[in-house]
Amino acid sequence: LIRCIAVSSSGSWIAIGQASGVLTLLDLRTGTSLASWKGHEGEILQLVTADDGTLISSSLDQTISAWHTNDGSLKCNIQGPTEPVH
């Protein structure tokens, strides 16, 4: 299931975040898949394009990740608290 969508600043590709934790980049002109990868262990909640080369995602797995859009490799990752905050 698709949970969120973000469009690149140039309008050349679209990012799709899925309930399965998979991220997919599609070419907007052709509909061709540019990349697809398992980015999170939980459902993807939000996607933001920082620029054409960076996609940022947040997930129910309590992580926020920044990805290289050319190959789906991880730029950086922030892990949320493992214990509930009171």
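Partly exposed here denotes a relative accessible area between the buried limit of under 20% and the exposed limit of over 50%. The views below show a predicted model.

View 1. L28 lies in the loop that links strand 3 (22–27) and strand 4 (33–38). The relative accessible area of L28 is 41%, so this residue is classed as partly exposed.

View 2. Four strands form an open sheet in the order 5-6-7-8, and their pairing is antiparallel. Strand 5 (44–51) and strand 8 (74–79) are the edge strands, each pairing on one side only. On average, neighbouring strands of this sheet are turned by 15° against each other, direction ignored. Strands of a sheet pair through backbone hydrogen bonds, in either a parallel or an antiparallel manner.

**View 3. Pairing of strand 7 with strand 8.** Strand 7 (residues 63–68) and strand 8 run antiparallel and are joined by five bridges. S65 is placed opposite N77 of strand 8.

View 4. Q62 belongs to the loop between strand 6 (54–59) and strand 7. Its phi is near 65°, a positive value in a residue other than glycine. Q62 counts as partly exposed because its relative accessibility is 44%.

Note on methods: Residues numbered from 1 in each chain as written. Predicted model: local features only at pLDDT ≥ 70, side-chain atom pairs only at ≥ 80, totals over all residues. Heavy atoms only, no water. Helix = DSSP H or I, 4+ residues; strand = E, 2+ residues; numbered from the N terminus. Buried < 20%, exposed > 50% of the residue type's maximum accessible area, 1.4 Å probe, protein only. Pairing = 2+ DSSP bridges. Axes fitted to C-alpha atoms, helices over the stretch in contact; angles between N-to-C directions.
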